[in-house]
Amino acid sequence: MSSPIKTYCIIGDPVQHSLSPVMHNSAFSALGINSSYISFRVSSRELKASIESLKSIGIAGFNVTIPHKISILPYLDVLDNTASKSNAVNTVKNEGGQLIGYNTDLYGFIQPLYKRNIDFKGIKILIMGAGGAAYAIVTALSYEKEIDEIIIVNRSTQNASNLVQHGLKLGLNTHKDDFNNLPKLALQSDLIVNATSIGLNNESSPIGRENINPKSIVYDIIYKPIITDLLGKAKDVNAKVVYGYEMLLAQGAQAFKIWTGLDAPIHAMKKALFGIFGEPQ
Ligand code: NAP
């Protein structure tokens, strides 16, 4: 007899552009798993009631995106270390009626850097942004030993200060700096990370070609467009680039493993994202 169908979903607002349904449904189908994944637009006002409903219908698990990654915390029964340490949740598993929160953005961010054998010892890191993703990034970096310094630059200086405090608590040498100093800071950084929304609508990055050292690594966590203005400039000067879709895939693969206990079929997930054109080089 086949096992009963399990349902997974993503909740957020907006959520219609999420690539998680296509990625996870392709993974289920590649492994012949009798499960499906859908998206639900859930406003902040509806969050509590929606979580209760998902629990009562026995949802097997779900992802959480903007704007609920932090506000969902009080509605969960248990938090894994990745969630409690970053104070944010992007993945939930229902274990016998208990909702367990995880944050797979930590692994999602760091895995593409591991894949490139990045040595974190003594490096200077510039992070643009201080939103939910930036918290996951700083938390992921706190597991790496001997990073020299992390500089946070953000539009709202108060949000930058709060993230600096988070980094300091985790034992990282974290400072904030001014948006106007970005060109100079970028040139001095070994790893530049864009964790703002700048680039989602093809906006120009405040970092110019001339501010990118060809020896630096430039990581833009925006995955649509695949090649943001910042990554395009980094490629122009032959700097190493890390694409946002790599983080998307890695966080999704880890969520899949948490839910099913199986290694995610990355190849099928990539194929669902890129179709016949394949992965960009
Ligand atoms: P968030 O919590 O809403 O934070 C947004 C960040 O962008 C804040 O630092 C905000 O600054 C800044 N920002 C927004 N508009 C800006 C503008 N016009 N000029 C300068 N700064 C601006 O969002 P998030 O969850 O951190 O996500 C940030 C981005 O990462 C999104 O584009 C999201 O799609 C992407 N993301 C990708 C992955 C992946 O798997 N690749 C995972 C998570 C997120 P203020 O603090 O001043 O508002």
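Me: Which residue in strand 2 is the bridge partner of C9?

Reply: The bridge partner of C9 in strand 2 is I38. This is a predicted model, in which local features need pLDDT of at least 70 and side-chain atom pairs count only at pLDDT 80 or more, while totals for chains, interfaces and linings use all residues. Residues are numbered from 1 along each chain as its sequence is written, and side-chain values use heavy atoms, with hydrogens and water left out.

Me: What makes strand 1 and strand 2 a pair?

Reply: Pairing requires that DSSP find at least two bridges between two strands (DSSP runs of E, at least two residues, numbered from the N terminus). Strand 1 and strand 2 run parallel and are joined by seven bridges, so they count as paired.

Me: Why are strand 2 and strand 4 called edge strands?

Reply: The order 2-1-3-5-6-4 describes an open sheet of six strands with mixed pairing. Strand 2 and strand 4 (78-79) are its edge strands, as each pairs on one side only. Helix 1 packs on this sheet and touches strand 1, strand 2 and strand 3 (contact: heavy atoms within 4.5 Å). The direction of helix 1 makes about 170 degrees with that of strand 2, on a scale from 0 to 180 degrees between N-to-C directions of lines fitted to C-alpha atoms, for helices over the stretch in contact. Helix 9 lies across strands 1, 2, 3, 5 and 6, running at about 5 degrees to strand 5.

Me: What is the pairing in the sheet with the order 9-8-7-10-11-12?

Reply: The six strands of that open sheet pair in the parallel sense. Its edge strands, strand 9 (174-177) and strand 12 (240-242), each pair on one side only. From one strand to the next, the twist averages 20 degrees. Helix 8 (residues 229-236) packs on the sheet and touches strands 7, 10, 11 and 12, with its direction at about 160 degrees to that of strand 11. Strand 7 and strand 8 pair over five bridges, and L126 stands opposite I151 in strand 8.

Me: Why is the contact of D13 and R41 called a salt bridge?

Reply: The term requires a side-chain nitrogen of Lys or Arg within 4 Å of a carboxyl oxygen of Asp or Glu. The side chains of D13 and R41 meet at 2.7 Å, N to O, so the pair qualifies. D13 lies in the loop between strand 1 and helix 1, whereas R41 lies in strand 2, 28 residues apart. The whole structure holds 11 salt bridges.

Me: What volume does the largest pocket have, and which residues are the closest to its centre?

Reply: The largest pocket has a volume of about 1300 Å³. Of its 40 lining residues, T65, I66, K69, S197 and L200 are the closest to the centre. Strand 3 (61-64), helix 5 (132-141) and helix 9 (244-260) each give two or more residues to the lining.

Me: Which element gives the most to the lining of the second largest pocket?

Reply: Helix 9 does, with seven residues. This pocket holds about 240 Å³ of space. Among its 17 lining residues, Y107, Q111, A250, A253 and I266 are the closest to the centre. The elements giving two or more residues to this lining are helix 4 (105-115), helix 9 and helix 10 (266-274).

Terms used
Helix = DSSP H or I, 4+ residues; strand = E, 2+ residues; numbered from the N terminus. 1 Å grid on protein atoms, 1.4 Å probe; cavity = no way out; pocket = protein on both sides within 12 Å on 5 of 7 lines; lining within 4 Å. Points joined across faces, edges and corners; volume = space filled by probe spheres on them.
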